[in-house]
Amino acid sequence: LDRLSLIMEDDKSFDPEKSALILLGFQNEMFSPGGWLFGTVAEVVQHTGMLVKVPELVDAFRSKGTKIIHSTIVLDKDETLPDPKGAFDPFNGENPIGKNRDAVLKALFNKDTWNSAIIPTLEPKAGDLILERKGYDAFEAAGGKDLETKLENLDVETVFVFGASLRLSVKNTVSSAVEAGLQVFVASDGCALESLSGRKVELEELGKSGATVCSCAQVENMLMH
């Protein structure tokens, strides 16, 4: 198991048919070589093996009737991604976009481009939901609490959160899910961050926020038992 996973209480359980997987930002921009932000998470992606583990879990959950929700960042050309203020640095290494920070932020996740597309291994299937957003909280899709309403309508009680980045989309989405009264699990080796050294702190903070932090293996074990 991932050494950063936490021991879960015996009473942690869930109904797959009343659960949802929230997949945050699994787009070429962040998770494919050639994406502007791939270099910022490549080390953690390789260390965790998340791009193998998460698709396998998604297939397993889908077969049990769990709702799969793809939460993607999609921006028009004249829109700017909110400045993450140091949470990731798009200027690491060579930066073909240029050295103007605003220009870099405007170039990310552009609509109808390869960069904003969902990675092939997590291509949506029939019945999946795709919710576009312009910030770092899946619950603020379409400018409001759109996801919360959909989860209520689907009778969802438990959510599992995967994706990037731990300091931004994962943290904010988990906070909103806890606030909504949902049981929340975060897969420690199913989430990306800009450095290995910061993972433990970020995951511990998520655990204190009301979420249960566990490994992908623990999630799979719960699903199968």
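What share of the contacts in the protein chain with a separation of 6 or more comes from residues 24 or more positions apart? The figure is 79%. The model behind these views is predicted.

**View 1. Secondary structure elements of the protein chain.** The protein chain holds eight helices and six strands. Read from the N terminus, their order is β-α-α-α-β-α-β-α-β-α-β-α-β-α.

**View 2. Burial and surface of the protein chain.** The protein chain has 225 residues, and 51% of them are buried.

View 3. Cys214 is buried, and its relative accessible area is 0%. The closest cysteine sulfur to that of Cys214 belongs to Cys216. The two sulfurs lie 8.1 Å apart, too far for a bond.

View 4. Cys216 takes part in no disulfide. For Cys216, the nearest cysteine sulfur is that of Cys191, 8.0 Å away. Cys216 is buried, with a relative accessible area of 4%.

View 5. How many disulfides does the rule give? The count is zero. Cys216 has its nearest cysteine sulfur at 8.0 Å, in Cys191.

Notes:
Residues are numbered from 1 along each chain as its sequence is written. This is a predicted model: local features need pLDDT of at least 70, side-chain atom pairs count only at pLDDT 80 or more; totals for chains, interfaces and linings use all residues. Side-chain values use heavy atoms; hydrogens and water are left out. Helices (H or I, at least four residues) and strands (E, at least two) are DSSP runs, numbered from the N terminus. Buried means under 20% relative accessible area, exposed over 50%, partly exposed in between (1.4 Å probe, protein chains only). Contact means heavy atoms within 4.5 Å. A disulfide is a pair of cysteine sulfur atoms within 2.5 Å.
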